[in-house]
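I opened the notebook to record what I looked up in this model, entry by entry.

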Amino acid sequence: MTTPPAQPVVQPVLSARRRWTVLAVCCLSMFLVGLDTTIVNVGLPAIGRGLDVGTRGLEWIVDAYTLVLAGLLISSGALADRFGRRRVFQSGLAVFGAASLVCALAPSAGVLVAARAAQGVGASMLSPVALAIVVNVMPDPKERAQAIGIWASVFGLSMAAGPVTGGALLAGLDWRALFWINAPVIAAALLLSAVFVPESRGQRTRRLDLPGQLLLTVALAAAVGILIEGPRIGWTSPAALAGYAGAAAATAAFVWAESRHREPLMDLRLFRRPVFSGAVLGAVAVFVALNMTLLLNTLYLQHTRGWSPLAAGVATLPLALGATVCAPWSGRMVGRTGPRLPLLLAGGFITAGAACLVRLTPHTNVLLLLAAYMLIGIGVGFANAPITNTAVNGLPPERASVAGAITSTARQIGAALGIAVAGGLVTGAGPARLALASRPGWILVAACGLLLLAVAQVSRPKQAAASRA
């Protein structure tokens, strides 16, 4: 059935107070998406005990959410451009809320994994759509850069605050509270979006690319599935070899199909622009580093050092502080001088923080751990605004949903890969050997920081970026 082309909604010029109120509502939803990406991490040991699940099953509980979220983000952005951003945004909130209730009531690991996947469906309607709403109501490039800095700050804060919030909930309640907490946030976001967020659509709507959507989902699931299941089935087993072939074939088919589709899910021509492709690669690197840090920290502190979930969550406060303080600062820097300097700072701080932990032992000084987490958090804080702003300014404003969806997809792919790799490194390692097993993970986090330094070299200066907006 063919959907008739949507008529563009005439967007009135909003007052400054209304524009920043819209930003606040979108930030509330972004806080929810980010929080649910990481709040589960600190509760993984408790979930494992409650549902009798090992490390491999726990990885699927985390990655079921991020995989579905990554796979559907772009289609959700296209749906929002066609049917209305506020409408899709509110639908996403409703789906996310219903799935959260199922998570909280899940009687088994299988039901929890399925419900987490459903959460990913709802979350996919929030992330790129919220960014497109913000860009739509912020026509001034400088104000937009500042708004994106705040948006990135809230998202970074939510990712880092997840373990702290989860630890606090687990101190007095069981793991199901990690999902019950979503209910009041969903209710508030639904009410505020109905009152303050204006409806908007893209100037040009696109058809859904179902073959591209299917191939992207298969490619991501195959790649992450091999990383999670590899330690169990063996990296050179027939099943693993079939998985490698399946992931490669799905990726090749995706590239072939997208290059021939009139309205592709992902316009691969965008990646011919070094600035845009660098921003996407940087988004993957940042979230690989962040999610490896959070998972390795949770397992190390709770299993090796015997800390409680609350103590392990509180240990990430320096990371949250660094991300929260530096993200809006980064947004202002992007507005004044362009993305290169904050990207250089991001890469340098992440590399330095990871370098502190490449010799991790069961008795590493706690002050060194906290310092390392703060350095990584500072790096994450500096990274998000220049990456997002560079991607958005690399396309016309009416394609903001596409830019936001691609960079958000890259972030979630990075999150899924980071969880899968970190879990694979420590699967089967007992408490005494977990620190040693995690060392390659910290080397990889440092490599992600170095990659950001390389991305900074191809980033566009402020004047050139503005001319493309």
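Which residues in α13 meet which residues in α14? I found that S330, M333 and V334 in α13 meet L341, P342 and L345 in α14, contact being heavy atoms within 4.5 Å. Helices here are DSSP runs (H or I, at least four residues), numbered from the N terminus. The residues of this contact of α13 with α14 divide into five nonpolar, one polar and no charged, where Ala, Val, Leu, Ile, Met, Phe, Trp, Tyr, Cys and Pro count as nonpolar, Asp, Glu, Lys and Arg as charged, and the others, Gly among them, as polar.

I noted the basis of the entries: this is a predicted model in which local features need pLDDT of at least 70 and side-chain atom pairs count only at pLDDT 80 or more, while totals for chains, interfaces and linings use all residues. Residues are numbered from 1 along each chain as its sequence is written, and side-chain values use heavy atoms, with hydrogens and water left out.

Next I looked up the geometry of the helix pair. The axes of α13 and α14 come within 8 Å and cross at roughly 145 degrees; the axes are lines fitted to C-alpha atoms over the stretch in contact, with angles from 0 to 180 degrees between N-to-C directions.

I then searched the whole structure for aromatic pairs and found four, a pair being rings of Phe, Tyr and Trp (its six-membered ring) with centres within 6.5 Å, stacked if the planes are under 30 degrees apart, edge-to-face if over 60 and tilted otherwise. W329 lies in helix α13 (residues 317-337) and F382 in helix α15 (residues 366-393), 53 residues apart.

Are the members buried or exposed? F382 is buried at 2% relative accessibility, whereas W329 is partly exposed at 40%; buried means under 20% relative accessible area, exposed over 50% and partly exposed in between (1.4 Å probe, protein chains only).

F382 also pairs with F349, and because the ring centres are 6.2 Å apart and the planes at 15 degrees, that pair is stacked. F349 sits in helix α14 (residues 340-355), 33 residues from F382, and is partly exposed at 26% relative accessibility. I therefore wrote down W329, F349 and F382 together, since they form one aromatic cluster.

Definitions and conventions. Helix = DSSP H or I, 4+ residues; strand = E, 2+ residues; numbered from the N terminus.
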